[in-house]
4 protein chains.
Amino acid sequence: MSYMRSPARQRQILEHAKRVFAERGFHAASVADICEAAGIGRGTLYQYFANKQAVLTAILRQTLDRVRALMERQSVVGVPLARPEDITRDQAIAWSARQLRAVLGAVFEDQDTLRILLREAVGLDVDVERLLGEIDDGLIAIVERGLGALREAGLVRDLDTRVAATLMVGGIEKLALAALRGDRPVDLDALALEVARLHGAGSLSDRVRTTRGGPA
Amino acid sequence: MSYMRSPARQRQILEHAKRVFAERGFHAASVADICEAAGIGRGTLYQYFANKQAVLTAILRQTLDRVRALMERQSVVGVPLARPEDITRDQAIAWSARQLRAVLGAVFEDQDTLRILLREAVGLDVDVERLLGEIDDGLIAIVERGLGALREAGLVRDLDTRVAATLMVGGIEKLALAALRGDRPVDLDALALEVARLHGAGSLSDRVRTTRGGPA
Amino acid sequence: MSYMRSPARQRQILEHAKRVFAERGFHAASVADICEAAGIGRGTLYQYFANKQAVLTAILRQTLDRVRALMERQSVVGVPLARPEDITRDQAIAWSARQLRAVLGAVFEDQDTLRILLREAVGLDVDVERLLGEIDDGLIAIVERGLGALREAGLVRDLDTRVAATLMVGGIEKLALAALRGDRPVDLDALALEVARLHGAGSLSDRVRTTRGGPA
Amino acid sequence: MSYMRSPARQRQILEHAKRVFAERGFHAASVADICEAAGIGRGTLYQYFANKQAVLTAILRQTLDRVRALMERQSVVGVPLARPEDITRDQAIAWSARQLRAVLGAVFEDQDTLRILLREAVGLDVDVERLLGEIDDGLIAIVERGLGALREAGLVRDLDTRVAATLMVGGIEKLALAALRGDRPVDLDALALEVARLHGAGSLSDRVRTTRGGPA
DNA sequence: TATGAATGAGATTTCATTCAT
DNA sequence: TATGAATGAAATCTCATTCAT
């Protein structure tokens, strides 16, 4: 037996539970697994969490908190101030990538969280789904706000920022998922840059005429 | 109760199971639920499927088959033959959207399949994951091939088609998921067009200089 | 494994559960104990009863049904029709004892039921308490009605029949309980006669004057 | 938290435990409930009692002690000394009621004790049962002794005093229980009088002939 | 072939009790 | 002495799967 202050023990349990959930998935992971991993008795977990799902919920809430915190901070983050004409595509894309990178870092703090968010917590129940939805909403809102700022600065054309942001976040997650499937660690920097470039510049060749009748 | 030739009954069970899985999720749905929905005894299901998971697997395999079939057909689908200079952005985007739409139709045949693929089957176990992975791979491969063809035709610039395709598919799914969360039916046509436009044209304003030193 | 028609199996489980509850008490008896006694798997019990308490409830309801049935039958049972002056105390007491005996037989069908009603089911929870209360009420109502009939016939003096009946039932149960404590089987015939005699004739000596000033 | 001399604290715990047991019942009441009510830590209870049941046992023992004490005192309590012929029924009944009242007061000191004795402690385990049995025996013995004295004085006819006493105590308890079920507070004075009257005078009408052939 | 009664492994959860502080 | 964090035995209950009919 080892005595521990309440908050520390709670954190300890969460840390181990995160790993176990990521490895085995929510259903396959038993409370016994978590407790064994944490080196505590089975009853101890129930002093800190009402039930198994509450543990998962707490993990997700941590992530949601990080997202919310980022939303606060982001509001003060500046946007390139130069006139559009003085900024190159690459510069705009780099700025966008840096922003995306910050978002990704906040959410997918570690590979375990990544796995849980994208795989193990999906389709569980309404409470969990609501949390996942809120996290997604937060993520998308941050990206959307970034796009909005760029649009205001004239760097981004007139488009539905909500849809565009959703598209970016979804794309990122799919790339991350593909990486997880291959059991490769996920390189968030590369991911962010890739996405920023594709979404920024588009995929069409410059040779394609923007409008009927004239060259691009 | 009612006698039915084997393959027909199997299909019947799958149809009902699909609905039940979509409504309740894999874990929450019990074998009893499925059998009741299909109007058969509990033991009967086991005449056609080894176990509960095999039912899900069969559903996913159906989808995978549709994807594979699409890959076959797609190989003969033509690409705009005109020179890039003779094609407008909008035309290219429309063509891309049509292609995406075909892909979406094949996979997300109905809302139930959509729900199962995106939510209820995620994170279950290695077998299921492998299937989901193969479906994703198929989808991405189709989109990628489309991009490749466009690139060959000079309509799309030089880019990592695999990554771009993954990004598109992921984005689409996220949009679909968002719609599912809101319990709205998903409009695949609108989705396809939106994605094609954003990915084709990019989000940057035309005023942003393509390269340092010269106007766009 | 042995297959059995639903109602038969239900009865079988109840029979064994009754014995186990009587022997060990509700809390000390585990579902496993009951199932082992009945020679069935643990899950089987839950096909017939929602939970452990429902088993007890069913046992009590059986008893309540017997009491209710007795109430129906009793309504047609006759009362000695002779004028009070033509009936001896002993005759009235004997009639009363026969009536009590019928009541006791209905409720305390067997020693197990007796034990459960008086000891193992007391103080469990509101549902169970309500049932016990209803059984008690039924018992008392029957005895009360008997007293009422005797009073109408002029054989019993004017008194609060409800209180008197409660007193009789309580007294009987205490005697039965005392017998149970001594692990003696309970002789319901002797009990009934004893109670009828004491309650009928009272305990005071005939030498005590009925009213101040005159001889008894 | 607060330091207290051992016996005082023990009494304090018992007082709160009594209330908690009466309210929730022995099983439903947790050690945590008791400790919270008593305003002490969970471990502290175990400094004074070996385990949860020992707390209940102590409560019952207190009651048993009161019963035993009453038995001592009662031995010197006098019986009406006048000749039977000089005493009216009502006087004898009043004396009997006073005696019963004293007994009831001793045992059912308060509503909590009443509840515990009649409901929450029944059917728990052999130790507790033995105590309940001893309390009952004590109660019955006191009443029995009273009856014996009255019989010696010629006020009560020749009867099995043990059975008669058991009957009275049982009847009283059932009346009390009925009152508890209705959540009415129990009026011990009324109870005692009712029982003394019914048991003293009997329920048969005076018009019923005591013996065949002659008037009562 | 179809059925659904029977099964039991295994999961979650409670709570009286212990013991480090 | 007082505390309350830690414990783990043991209980209930679920449900996918089997198999007698």
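Predicted model: local features only at pLDDT ≥ 70, side-chain atom pairs only at ≥ 80, totals over all residues.

A: Residues are numbered from 1 along each chain as its sequence is written, chains are lettered from A and ligands numbered from 1 in the order in which they are written, and side-chain values use heavy atoms, without hydrogens or water.

Consider chain D and chain C to begin with. In the interface itself, 54 residues of chain D are in contact with 54 residues of chain C (heavy atoms within 4.5 Å). Of the interface residues of chain D, 100% are also interface residues in chain C, so the copies meet through the same surface.

The area buried between chain D and chain C comes to about 5100 Å², and carbon and sulfur atoms give 56% of it (accessible area, 1.4 Å probe, lost when two parts are put together, summed over both). Across the interface of chain D and chain C there are also six salt bridges (a side-chain nitrogen of Lys or Arg within 4 Å of a carboxyl oxygen of Asp or Glu). In one salt bridge, the side chain of D:K174 meets the side chain of C:D136, with 2.6 Å from N to O.

Now turn to chain B and chain A. The same surface serves both copies here, since 100% of the contact residues of chain B recur in chain A. The contact takes 54 residues from chain B and 54 residues from chain A, and between them these chains bury about 5100 Å², 56% of it on carbon and sulfur atoms. Within the area that chain B buries against chain A, B:R157, B:K174 and B:L204 supply 13%, more than any other three residues. The count between chain B and chain A is six salt bridges, and the side chains of A:R119 and B:E129 meet in a salt bridge of 2.9 Å from N to O.

Over all chains, the structure holds 52 salt bridges. Inside chain A, the side chains of A:R68 and A:E134 form a salt bridge at 3.2 Å, again from N to O. Because A:R68 lies in helix 4 (residues 52-74) of chain A and A:E134 in helix 7 (residues 126-152) of chain A, the pair ties together parts that are 66 residues apart in sequence (helices being DSSP runs, H or I, of at least four residues, numbered from the N terminus).

Finally, consider two helices of chain D. The axes of helix 4 (residues 52-74) and helix 6 (residues 111-120) of chain D come within 11 Å and cross at roughly 105° (lines fitted to C-alpha atoms over the stretch in contact, with angles from 0 to 180 degrees between N-to-C directions). Helix 4 and helix 6 of chain D are therefore roughly perpendicular to each other (65 to 115 degrees; under 35 is roughly parallel, over 145 roughly antiparallel, the rest oblique). From helix 4 of chain D, the residues D:L56, D:I59, D:L60, D:T63 and D:R66 meet D:T113, D:I116 and D:L117 of helix 6.
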